[in-house]
Amino acid sequence: MIKPGTDNGWPGVIRKYASFLPVNATTPVVTLLEGNTPLIPVPRFVAAIGGNFDLRLKYEAMNPTCSFKDRGMTMAITNAVARGARTVVCASTGNTSASAAAYSARAGLHCVVLLPEGKIAHGKLSQALLYGATTVSVQGNFDDALRIVRELGETGLVEVVNSINPVRIEGQKTAAFEICDVLGDAPDYHFLPVGNAGNITAYWRGFREYRDAGLSRRVPRMMGWQALGADPIVQGHAIAHPETVATAIRIGNPASWSGAVEAARDSGGQIRSVSDEEILHAYKLLARTEGVMVEPACAAPLAGLIRCVREGEIPAGSVITATMTGHGLKDPDTAIRVSGFTPKVVAATREAVLGVLDL
Ligand SMILES: *Cc1c(COP(=O)(O)O)cnc(C)c1O
């Protein structure tokens, strides 16, 4: 018999980890049952890059809007509703807008998203539009859009749901809890892409809080990766015109800059950058060796790992986790361009099909 239920046994990240979050028993939670994403072992990828360690990918593509942004957004929209907000606003390289638009629709709020003109992957744009957000294309980059959002926030007319809103970071730290729950402890290293730097700040907080609560014994080295050309933290100064194929991390002046620096410093980790060429190589290699499709930004930490292996920096037997922040289908244009293949067109006969196969 099918039992009636509302949550498939998983209540979403707020209810699951309520004791670590700024909510109470009466908070009306806005959730799409985000979280509980798979931690996928990828041994063929590790072999292909010549590594000798256990790598697991935290596949955040399996969230409701197909990126990790949903973890912070369930908190931000829950909080906006509790505060009586009517309109929420965010600047976005794409995934924040998709998530804000979805959770706003869920809560019956008006959502306004500011996107850098022409630099949004198509999957993400399609989400914001379909969920019904008022979508504004700003003739500037992400940093320009975020500046305007801060100014709009000061009017008091709208609730800002970018990661400058501290509850976003609170929600995002739950991914670190899930990793520890699955592994039974924190990993030796955690790799992830760094754009606005909210996520590395959130993971580092999550890993520390879990250890301090006695739910894990250690914390990992935090290994954050920017894209060359959009690597202000590595350069030590803001970048006016950031450029990279990894549009999700095309950010020149990260809002959580100091959080990222602290995470790397206090964990004995690093913030470094990799080129677009290295990113696209890792992106394709992961898809071909493991059948795991991610968006280009996720391949930055993988490219970084390849570099660490080449430089002999990873001790044998290490346990490594890496956040795959968003789904590959977010950016189908890059996937098609990078694949190197086009469909072979043939007559509708067995002979014609056999003729193009290498059997
Ligand atoms: C937002 C995002 C990032 C960057 O995360 P930050 O918290 O801004 O550092 C990386 N990858 C994807 C797919 C994203 O959507």
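This report covers the strands, the ligand site and the aromatic pairs of a predicted model.

Residues are numbered from 1 along each chain as its sequence is written, and side-chain values use heavy atoms, with hydrogens and water left out. Because the model is predicted, local features need pLDDT of at least 70 and side-chain atom pairs count only at pLDDT 80 or more, while totals for chains, interfaces and linings use all residues.

Helices (H or I, at least four residues) and strands (E, at least two) are DSSP runs, numbered from the N terminus. Strand 7 spans residues 189–193. It is mostly covered: 5 of its 5 residues are buried. Buried means under 20% relative accessible area, exposed means over 50%, and partly exposed lies in between (1.4 Å probe, protein chains only). Both faces of strand 7 are covered. Tyr 189, Phe 191 and Pro 193 sit on one side, with His 190 and Leu 192 on the other.

Strand 7 has parallel pairings with strand 8 and with strand 10. Two strands pair if DSSP finds at least two bridges between them. The pairing with strand 8 (residues 221–227) has 5 bridges. There, Tyr 189 faces Arg 221 of strand 8. The pairing with strand 10 (residues 319–324) has 3 bridges. Here Phe 191 has Ala 322 as its bridge partner.

## Other strand pairings

Strand 10 also pairs with strand 2, in the parallel sense, over 6 bridges. In this pairing Arg 56 stands opposite Thr 321 of strand 10. Strand 2 (residues 54–59) runs antiparallel to strand 1, with 3 bridges between them.

Strand 4 (residues 110–116) and strand 5 run parallel and share 5 bridges. Leu 115 has Ser 137 of strand 5 as its bridge partner.

Asn 141 lies in the loop between strand 5 and helix 6 (142–154). Asn 141 is buried, with a relative accessible area of 10%. Its C-alpha atom is separated by 14 Å from that of Gly 229, 88 residues apart along the chain.

## The ligand site

There are 16 residues around the ligand. A residue counts as near if one of its heavy atoms lies within 4 Å of the molecule. Lys 69, Asn 95, Asn 196, Asn 199 and Thr 325 come nearest.

| Residue and atom | Ligand atom and distance |
|---|---|
| Lys 69, side-chain N or O | oxygen, 2.6 Å |
| Asn 196, polar backbone atom | oxygen, 2.8 Å |
| Thr 325, polar side-chain atom | nitrogen, 2.7 Å |

Taken alone, the ligand exposes 380 Å², and the protein buries 96% of that. Accessible areas come from the Shrake-Rupley method with a 1.4 Å probe; for residues, only the protein chains shown count as cover.

## Aromatic pairs

The structure holds 7 aromatic pairs. Rings of Phe, Tyr and Trp (its six-membered ring) pair if their centres lie within 6.5 Å; planes under 30 degrees apart count as stacked, over 60 as edge-to-face and the rest as tilted.

Phe 20 and Tyr 210 form a tilted pair, 5.6 Å centre to centre with 50 degrees between the planes. Phe 20 lies in the loop between helix 1 (13–16) and strand 1 (39–41) and Tyr 210 in helix 9, so the pair ties together parts that are 190 residues apart in sequence. Phe 20 counts as buried at 19% relative accessibility. Tyr 210 is buried at 4%.

Tyr 203 and Phe 207 are also a tilted pair, because their ring centres are 6.1 Å apart and their planes stand at 45 degrees. Both lie in helix 9, 4 residues apart, about one turn of the helix. Tyr 203 is buried at 0% relative accessibility. Phe 207 is buried, with a relative accessible area of 0%.

Ring pairs also link Tyr 17, Phe 20, Phe 177 and Tyr 210 into a cluster.

Conventions. A polar contact is a pair of N or O atoms within 3.5 Å; within protein, one must be able to donate a hydrogen and the other to accept it, and residues adjacent in sequence count only if both atoms are side-chain atoms.
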